[in-house]
Every structure is written in C-alpha cells, then in structure tokens.
Amino acid sequence: MRFTISDERVNRYGYRILSAGMNTASFEKNPVIFYNHDTYSLPIGKGTDLRHEPDGSITLDIDFDQEDAQAIAVQKKAERGFLNACSVGIDVLETSTDASVVLAGQTRPTVTRSE
C-alpha cells in the first residue's frame, strides 16, 4: 500500500516540514514502520520505494508483516479506509521564521532541515 508520509502543508501543530530538507538516508538503511511511533515495540512492516514527489510530498509503499496480527489488523483498516494517515517521526535539525518559508496560518517556525 502506498502512503503519503509527509507533505509541506501546515500541520495540526502549526508548523510545516520542508521535504527537500528532510534527510531520509538513515531511514532508508532500516525502513521499519511502527504503529503509533512505538519504537519500543516490534515493527508492523517495512517501507519500500520512498519517493520525494514533484509536489513536495514524500510517499512510501508499506509492506505489512503478514505474520503479525497487529500489522494485519492495521493493513485491513487502511484498506477499508478506517486508517488513512501516516506520520513521520523526525529529528529537527534547523527551523526558520523567514517569510520565504512561512505560509498563511502558520503559528510555528518551518522545519527546514530534519532527519
């Protein structure tokens, strides 16, 4: 299943993340997917074919672990439209309040570099 994992819109917390500034190299070395960012649990799947799209979004195919009950449940909910969002956990390396990177309605700085 293909998901948008990040885009450059203002998020519910009032900031946005510039996709061009997101370094995904570490993730791509070990592209594990966790449910609810729970990195203390086993992953529910792995990411493949990460793409920085022309519209500024980042997309990813998720291969759900077919031997894990929770992973199968999450996959089925996504397939049926009960789950329709993903989110990335990032380390913020740099932010900016420069007018060139801040959008209308934004209340926090733009993340210009992240990992």
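**A colleague's note on the predicted model**

1. A word on the basis. This is a predicted model, in which local features need pLDDT of at least 70 and side-chain atom pairs count only at pLDDT 80 or more, while totals for chains, interfaces and linings use all residues. Residues are numbered from 1 along each chain as its sequence is written, and side-chain values use heavy atoms, with hydrogens and water left out.

2. Now the fold: two helices and six strands make up the elements of the chain, in the order β-α-β-β-β-α-β-β from the N terminus. These are DSSP runs (helices H or I, at least four residues; strands E, at least two), numbered from the N terminus.

3. The C-alpha atoms fill a box of roughly 50 × 30 × 30 Å along the principal axes. Of the 115 residues, 30% count as buried (under 20% relative accessible area, 1.4 Å probe, protein chains only).

4. Among contacts (heavy atoms within 4.5 Å) with a separation of 6 or more, 53% join residues 24 or more positions apart.

5. On charge, the chain has 12 positive and 17 negative charges, with mean positions 5 Å apart. Lys and Arg count as positive, Asp and Glu as negative; His and the chain ends are not counted. Each charge is placed at NZ of Lys, CZ of Arg, CG of Asp or CD of Glu.

Definitions and conventions:
Buried means under 20% relative accessible area, exposed over 50%, partly exposed in between (1.4 Å probe, protein chains only).
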